[in-house]
Amino acid sequence: MTREALAQAALRVLERDGLAGLSMRKVAAEVGVKAASLYWHVRNKEELLDLLNDAILAKADPPPREGGWREQLAEYCRRYRRLLLGNRDAAKVIAGRLVPGPCMFDLLEDQLDRLRAAGLTDSDTAMASYLLSSFVQGFVLQEQTPLSAAEAGGASRLEVVTSVADQFKALPTERYPNLVDLADDLTTPNMDERFEFCVQRVLDGLAALLPPERR
């Protein structure tokens with residue numbers, strides 16, 4: 001039994017039972033040992049999550065170095081979102097976590113190199129890297145969180161937003177003119193459209209840090 005084997009077992013449990021159902025006991029059962037045996041390799045569930053963090057990032061697929069910096073970073077964000085959406089509760093595991101590991105090293109080195117090549121200063125490069133990862137993680141966390149008790153109880157997301165739009169439209173116009181007028185605009189765009197809008201605005205902000213000729 002190795003830490004790598006534990007990480008893969010934890011990934012299987014995470015996919016099957018979600019973060020709330022992940023436990024040292026279940027991971028031990030997954031590799032066919034008693035829970036006490038795990039403590040030779042990880043001291044607690046938090047260290048197990050550290051292993052999971054790098055195991056999830058091992059599935060990342062950085063975009064090719066084609067096109068300008070803006071196209072590359074936009075595709076970086078899209079692929080990161082797909083990774084988090086494609087692995088159950090991955091955003092909950094990774095968000096806010098800074099765990100050195102071989103997969104994280106490779107991804108971060110690649111991202112930093114692209115940001116510096118774009119022309120950002122060293123300090124702006126570091127901040128931009130944080131911005132991009134935090135933005136995507138935060139977006140996915142919101143994307144995967146039930147919109148309301150109704151969705152958590154089994155209603156579809158479409159049913160929930162349609163109901164919210166109807167409530168907006170029914171508000172008194174004299175008090176809530178913007179909510180009434182923008183009811184459909186606030187509730188209609190799908191998450192892909194929202195994500196693309198947000199990505200482009202984030203990149204607009206990074207472009208403002210560059211010399212005009214490099215934007």
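How many aromatic pairs does a search of the whole structure find? It finds three. The model is a predicted one.

## Overall make-up

The protein has 13 helices and zero strands. Read from the N terminus, its elements run α-α-α-α-α-α-α-α-α-α-α-α-α. Along the principal axes, the C-alpha atoms fill a box of roughly 65 × 50 × 25 Å.

The protein has 215 residues, and 36% of them are buried.

## Helix H13

Helix H13 covers residues 191-207. At 1.5 Å a residue, its 17 residues should span 24 Å. Asn190 caps the N-terminal end of H13. A side-chain oxygen of Asn190 lies 3.1 Å from the backbone nitrogen of Asp192.

Which residues of H13 are buried? They are Phe195, Val199, Gln200, Val202, Leu203, Leu206 and Ala207. These residues cover an arc of only 160 degrees around the axis, so they sit on the same side of H13. What do they pack against? Their partners are helix H5 (69-86) and helix H8 (122-144).

## The aromatic cluster

Phe135, Phe139 and Phe195 form one aromatic cluster. A search of the whole structure gives three aromatic pairs. One of them is the pair of Phe135 and Phe195, which is stacked. Its rings are 5.5 Å centre to centre, with 15 degrees between the planes. Phe135 lies in helix H8 and Phe195 in helix H13, so this pair ties together parts that are 60 residues apart in sequence. Both Phe135 and Phe195 are buried.

Why is the pair of Phe139 and Phe195 edge-to-face? The ring centres are 5.0 Å apart and the planes stand at 70 degrees. Planes over 60 degrees apart count as edge-to-face, so the pair of Phe139 and Phe195 falls in that class. Phe139 lies in helix H8 and Phe195 in helix H13, so the pair ties together parts 56 residues apart in sequence. Phe139 is buried, as is Phe195.

## How the pieces fit

Phe195 is one of the buried residues of H13, and the buried residues of H13 pack against H5 and H8. Phe195 also belongs to the aromatic cluster with Phe135 and Phe139.

Technical notes: Residues numbered from 1 in each chain as written. Predicted model: local features only at pLDDT ≥ 70, side-chain atom pairs only at ≥ 80, totals over all residues. Heavy atoms only, no water. Helix = DSSP H or I, 4+ residues; strand = E, 2+ residues; numbered from the N terminus. Expected span 1.5 Å × (residues − 1). Buried < 20%, exposed > 50% of the residue type's maximum accessible area, 1.4 Å probe, protein only. Arc of directions from axis to C-beta. Contact = heavy atoms within 4.5 Å. Polar contact = N/O pair within 3.5 Å; in protein donor to acceptor, adjacent residues only side chain to side chain. Phe/Tyr/Trp six-rings, centres within 6.5 Å; stacked < 30°, edge-to-face > 60°.
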